[in-house]
Each structure stands twice: as structure tokens, then as C-alpha cells.
Amino acid sequence: MTHFNPHSNDWLKNKFEVYKELRARDKAYWSETYQVYVITRYADVKYALSEHDIFSSAKGNLIVEMPFRFGRTLGASDNPSHDVFKNIVKNAYSKDNINRIVDLFSKKAIELLSNKQSFNISTVIEELSAWVTAEILNLPYDKEQVKNIILGIQRHSPSCVSVNVDRTHLDMFNKLLNDLTLAKVEPTGPGIYKEFMTNHPDIQPVMSLFHGPTISGASSLTGALEFLTLDIVRENQLDMLLEDRDSIPNVIEESLRFHASTGRFSRTVIKDVTLHGIDLKLGDRVALCLESANRDPEKFPDPDQFIINRSTVGQLAFGHGLHACIALAISKSIMTKYLEILLDVVGKYRITTSNSELEYVMTASGNDDMISNICIEKI
């Protein structure tokens, strides 16, 4: 098996064993396929995420990049552009709007999880993530249709997946955005659309602020909820949670450390530096493996054990530094509400998909990890 291949189902199922070997090496692993140095140790990953004047995002943050993103998105920009983009939409992630979205999510989650005995929870989570994204955007348009467009993008857009590619839903989304913004349709409530229109951006690239939540945000949330669903059963936390809901925050933090749904980010070197035994030069690319860093025993003792009372301070599931995820607060709030509803509505359940049967979604970027076939059965 190759040492780095986030587009291989077998690699994704066995990556943590591979990372153990890579962390122990004197020098970072060079991936000929992806043309990156693979950085796996916690201290090195955190350093690179912190030093944006050495490790630039302006040439992209995806393992497989698309040059049209460079300097035009939150993820693929350095300051001052990054702060300009962030300031346009930051109020969409206010506490009041998070509470509004969590309340709506709660109703939808109860609806989709009720009256089910045996089902594919991956498809339910996909739909819930699409609903959350639709509410974050809050376009002045029929919400059901927006949700369905987002689902289609997540499942078929060339920006999201590597197989079964179809641009139809992405083209629909782009046309809808252009029609709404050019006509200056008034916002109907809080969200990215309102912030975008209120702040009157005069540069077209910030249209990408709608694409970020739709493409990266939805997939990251989907993966986080899927791994949480798996972890609480396979790491023997379910019975405890059914008896003690106060442990929910600790379980969520440990699940985020245990399985970072956005497992990898790329950076481009803009100043000579030595990292993990490699002398990096201007233009070199690195793959910063957050999921490996979160299981580095130098930072987290017994990292392959799911321990809910451990300190997870410093875990990197949502990145670090300038590019720490803008959706951190809402993601944790959604995860908390999802787990509460899962325990209330479904209760005790078992995973009927074995580890060997798990089928990962082959994402276009190579950054995010999602699973298409987590099937559960209510006990």
C-alpha cells in the first residue's frame, strides 16, 4: 500500500497505521503522486499552520488544487485578502444565528430520524448537513430547492467528488447566485447572503464565500457527524451516554480528535525552512495531516484509545491559526444537538456495516473524509 493516497478506500481505512510509520521516520515522506511532502507530527503540523508567512495558503489549501481558487477563497488566501473575505461574512456565524440554525436543525433531525428501525444513516446525515448549509447561506429562495441543489453538489460536483461527476447542480447553484445578486434581491433573514449583500462587496471573487460552506463546509460537517455516530458505538460510549448526557461535550471533543473529518490541508512554502528533516525551498508543497497530528503520542498519550476525560486542548480537527475554521462554533453546536436527538429518538443502536465494508466518498480535493454506507439498526 502506498504511504499517502487519500483517494484510495483501502488507504483511508488503514491510514492511522500508515501514519505511525511516517511519524517515526527521520524525514517527511515525499508523495510522487501528489507532489507534496507529507507532514505527520503534531509539532510540525501546528508550526506550519501557525507560520503563514512561511507556509502560504494563497496557492491553495487542497491536496488536489484548482488554480482558479488561488487568492479568491477564505481557504486559499493569505492576508490581507483573507481578512477582507472573512469580515464580509463573519456575522453570519453570530451566536444568535447559530441558535436560529440549531433550532431549525433540531426539528429536521427529529423528523428524519423518527420511526426508523434499520437504515443508512449516512444518507440522513448528508441531508441534515445540506439543510444546515442552506440555512447558513439563507438565500431568498425556496429552502427545499436550495437544500436539494446542495445535496446534488455534494454527490456529483467535480469540485466535491472524483467519481459519478455531473456539473448540473453546481451550474444551477451558480446561476441562482448570479440571478439573486445581480437583481439585488433583498435578504429574508440572517446568513451569508445578507452579509454579502449588506457589505456590498465590489470584487467578484468573493462569490466563493457561498461556495465554501456548500462544498467544504457541508462535507466536513457530514464527516464529523458520521464519525461521531461510529465512534460512540465502536468505542463503547453509547450506554454511558444514554445514562449520562453531561458527557456529550467530552465525547464530541474526543471524536473530533479521534477522526478529523477534514484530515489534510496543503500549503506552499514561500521561505526556506527545515521541517521533519527536510530542507524545504520556495515553491515546495506540503500536506499537513491534521488527523495524524491528533494521534501523535508526543501530544496525546495512548492516542489510539478513545478516552473521554482526556484533555483535547490543542487538537487540530478545525485547523489552527489564521485559517482556523470560521464554522467551529456552529459545527460543535450542531454535533451536540445531533447527538442529543440521536440518543432521544433512536436510543440504543448497533452499526451493521463492518469496518471492512465501509465505503469512503472519493472527494475531489483529497482533504475531507466521508462514508457513504454507515448502516445502523435500532435495538
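This is a predicted model: local features need pLDDT of at least 70, side-chain atom pairs count only at pLDDT 80 or more; totals for chains, interfaces and linings use all residues.

Biologist: OK, are K15 and D369 buried or exposed?

Modeller: Both K15 and D369 are buried. Their side chains form a salt bridge, 2.5 Å from N to O. By salt bridge I mean a side-chain nitrogen of Lys or Arg within 4 Å of a carboxyl oxygen of Asp or Glu.

Biologist: Where do the two sit in the chain?

Modeller: They link distant parts, 354 residues apart: K15 is in helix α1 (residues 9-24), and D369 is in the loop between β9 (349-351) and β10 (375-378). Helices (H or I, at least four residues) and strands (E, at least two) are DSSP runs, numbered from the N terminus.

Biologist: And what does R264 pair with?

Modeller: R264 meets E291 in a salt bridge at 2.4 Å, N to O. That pair also links distant parts of the chain, with R264 in strand β5 (residues 264-269) and E291 in helix α12 (residues 290-293), 27 residues apart. R264 and E291 are both buried. Through shared partners, salt bridges join K15, R264, E291 and D369 into one network.

Biologist: How many salt bridges does the structure hold?

Modeller: There are 26. Another one is E21 with R25, where the closest N and O atoms are 2.8 Å apart. E21 is partly exposed because its relative accessible area is 37%, and R25 is partly exposed too, at 28%.

Biologist: Switching to rings: how many aromatic pairs are there?

Modeller: A search of the whole structure gives 10. Rings of Phe, Tyr and Trp (its six-membered ring) pair if their centres lie within 6.5 Å; planes under 30 degrees apart are stacked, over 60 edge-to-face, and the rest tilted. W30 and Y37 have ring centres 4.7 Å apart and planes at 55°, so that pair is tilted. Y47 and F55 are edge-to-face, at 6.3 Å centre to centre and 85° between the planes.

Biologist: Why does F55 count as buried?

Modeller: Because its relative accessibility is 0%.

Biologist: Which residues form the aromatic cluster?

Modeller: F4, W11, F16, Y19 and Y34 make up one cluster.

Biologist: Last topic, the sheet. What order do the strands of the open sheet have?

Modeller: The 5 strands run β1-β2-β8-β5-β3, with mixed pairing. Two strands pair if DSSP finds at least two bridges between them. The edge strands, each pairing on one side only, are β1 (29-31) and β3 (55-56).

Biologist: In what sense do β3 and β5 pair?

Modeller: Antiparallel, over 2 bridges. There, S56 is opposite T268 in β5.

Biologist: And what does α1 touch on the sheet?

Modeller: Helix α1 packs on the sheet and touches β1, β2 (36-39), β5 and β8 (285-289). Touching is contact, with heavy atoms within 4.5 Å.

Conventions. Residues are numbered from 1 along each chain as its sequence is written. Side-chain values use heavy atoms; hydrogens and water are left out. Buried means under 20% relative accessible area, exposed over 50%, partly exposed in between (1.4 Å probe, protein chains only). Axes are lines fitted to C-alpha atoms, for helices over the stretch in contact, and angles run from 0 to 180 degrees between N-to-C directions.
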